[in-house]
Amino acid sequence: MVWIRGIDEIPISLSYKNAITVEKVGLATNALFNLDKGDSLGLRGPLGNKFKILEGSTVLLIGGGIGLAPLLYLADVLKDNGTNITTLIGSRNKESLFFDDELKKVSKVFLSTDDGSFGTKGSVLDLLKNSIKDLDVYDMVYVCGPDRMIRALLDLFDKKNILEKTQFSVSRIIKCGLGICGSCSIDPKGLRVCRDGPVFYGTEIIDSEIGIYMRDHAGVRCRL
Amino acid sequence: MYECGRIDLRNPLILASGILGSTGSSLNRIANLGAGAVVTKSIGATQREGHPGPVLIKTDTGFLNAVGLPNPSYKYFVEELNDFNRDCPLIISIFGANRSELTKIVENLEEYADAFELNLSCPHVKGYGMDIGKDPVFVENITREIKKITKKPLWVKLTPNVDDITKIGIAAENGGADAVVAINTVRGMRIDTESGYPLLGNVYGGLSGGAIKPIGLMAVYSLYKRLKIPIIGVGGIEGYKDVIEYFMAGARAVEIGSGIYNNTNIFNDIKSDLDTYLNKKGIKLEELVGLVHKRGDTKECNDQKSKEREQKC
């Protein structure tokens, strides 16, 4: 958890060994952009679980939007383990594309943008269907991105019967970060994203609320 | 079944309010892990997002929280209640600033509740909780008003942040409460030494966990001396011996909150350890209730001793 003093505390994953990468989306993230060199932050963590890593394997990383940030750190760790990595990057447009150069250094990269301004036009799901012929060659698929993307991939991997070889980093409203308050619980098992997650195997969340609804800060369910 | 405060509990170990109680599926998970009953997150008349973070800080011996009563309001909480599997009794925790707010909530959630727990003790939200729950006159009146509109048992959760918790307990009993729950968290704060900012977004909050067990025990002990209605003990329960202490002080049941942090299976674990203890002693749990009061007052004992000493001289 990253604490911007006097503003709020928000959950953020590492994008390098000692760095975070942030998208301006609200009060707290905007405040982060207003900090000066030499200013400090409060940090609490690491919290929750982590990606499970197989030594010397062949893996596929799929990242959408800011979900790419933790995948870069994962790719760096996997590279040191002698892993053969392919990465799919989904972005809104050319301007919001980031980390593609960094990921090209450690993996084979395929790109898509929603508006076709760079790489293949379409969603990351289209990109997957067009660029990856055989999903069975991968020992593990790692995913981080928006709920809709996760749901589309869950359903696809379910059809292909490879859910047990997929790991998803999931996002919810996280308040306490220690698995006590329950604000990040996902239905129907009551899994706590901050403590039981944020990384779940596809088998654990295929029947979950992810991609269908999520709760806001007050706990009201919002359909996606 | 185990009767306490007019409801039949599956066992006397209850999930405390504010802990994993904000969704139906989360309540199901705890019910499946052996809780005797579950208490929901406190529900209000209108939606609240809660305080800005940090909302929870781990301290050496417990937790300091100022979550700030986030809740979807009774209207949207019905969705969660419909998801609850009813594997154990459901106690709905409610909070409000006044009679009209509380009446609305109780009337709308009546059909879902096996009992209500009136949160008059949250220490970190202005105008709610302990702000109003430290006034015995208010507590007695609001308890009486709510009893008038519900047939369901009403438990009142008390704040320890007062001179004398028994005054509030007596007020609840006079108002017609079916049980009191003691204690809610103890007011506290922490400060960031790097910057001088308070560590909680709300500046101050409530302390829970092992640090407050002696405060909770003292509260239950004092309430037992003055009240006829059952007392549900809360504060720092992590193992079966903590439960036994609360029973000996006078509790008829207990609630467990922060203890879940280290062990989500805490209800099953404590239940089995308690059974072992009771079998070994050859007694029933009910026989432990208020035992410390039967062991003689230490002060009387000391007075007696000094009298004997005087006589010898």
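Trainee: How are H5(B) and H6(B) oriented to each other, roughly parallel or roughly perpendicular?

Mentor: Keep in mind that this is a predicted model. Helix H5 (residues 136-149) and helix H6 (residues 165-175) of chain B have axes that come within 7 Å and cross at roughly 25°. Angles under 35 degrees count as roughly parallel, and therefore H5(B) and H6(B) are roughly parallel.

Trainee: And which hand does the crossing of H5(B) and H6(B) have, left or right?

Mentor: We're still on the pair whose axes cross at roughly 25°. As H5(B) passes H6(B), the crossing is right-handed.

Trainee: Okay, on to the open sheet in chain B: which strands are at its edges?

Mentor: The sheet has 4 strands in the order S5-S6-S12-S11, with antiparallel pairing. From one strand to the next, the twist averages 35°. An edge strand here pairs on one side only, and that picks out S5 and S11 (186-188) of chain B.

Trainee: Which residue in S12(B) is the bridge partner of B:Val186?

Mentor: S11(B) runs antiparallel to strand S12 (residues 205-208) of chain B, and 3 bridges join them. For B:Val186, the partner in S12(B) is B:Leu207.

Trainee: Last one: how many charged residues are in the lining of the second largest pocket?

Mentor: That pocket holds about 200 Å³ of space. Its lining draws on both chains, including A:Arg5, A:Glu9, B:Lys58 and B:Asp192. Strand S5 (42-43) of chain A and strand S5 (56-59) of chain B each give two or more residues to it. By class, the lining has 6 nonpolar residues and 1 polar, and the charged ones number 5.

How values were computed:
Residues numbered from 1 in each chain as written. Chains lettered and ligands numbered in written order. Predicted model: local features only at pLDDT ≥ 70, side-chain atom pairs only at ≥ 80, totals over all residues. Heavy atoms only, no water. 1 Å grid on protein atoms, 1.4 Å probe; cavity = no way out; pocket = protein on both sides within 12 Å on 5 of 7 lines; lining within 4 Å. Points joined across faces, edges and corners; volume = space filled by probe spheres on them. Nonpolar A, V, L, I, M, F, W, Y, C, P; charged D, E, K, R; others polar. Pairing = 2+ DSSP bridges. Axes fitted to C-alpha atoms, helices over the stretch in contact; angles between N-to-C directions. Parallel < 35°, antiparallel > 145°, perpendicular 65-115°, else oblique. Left-handed = near helix turned anticlockwise from the far one by under 90°.
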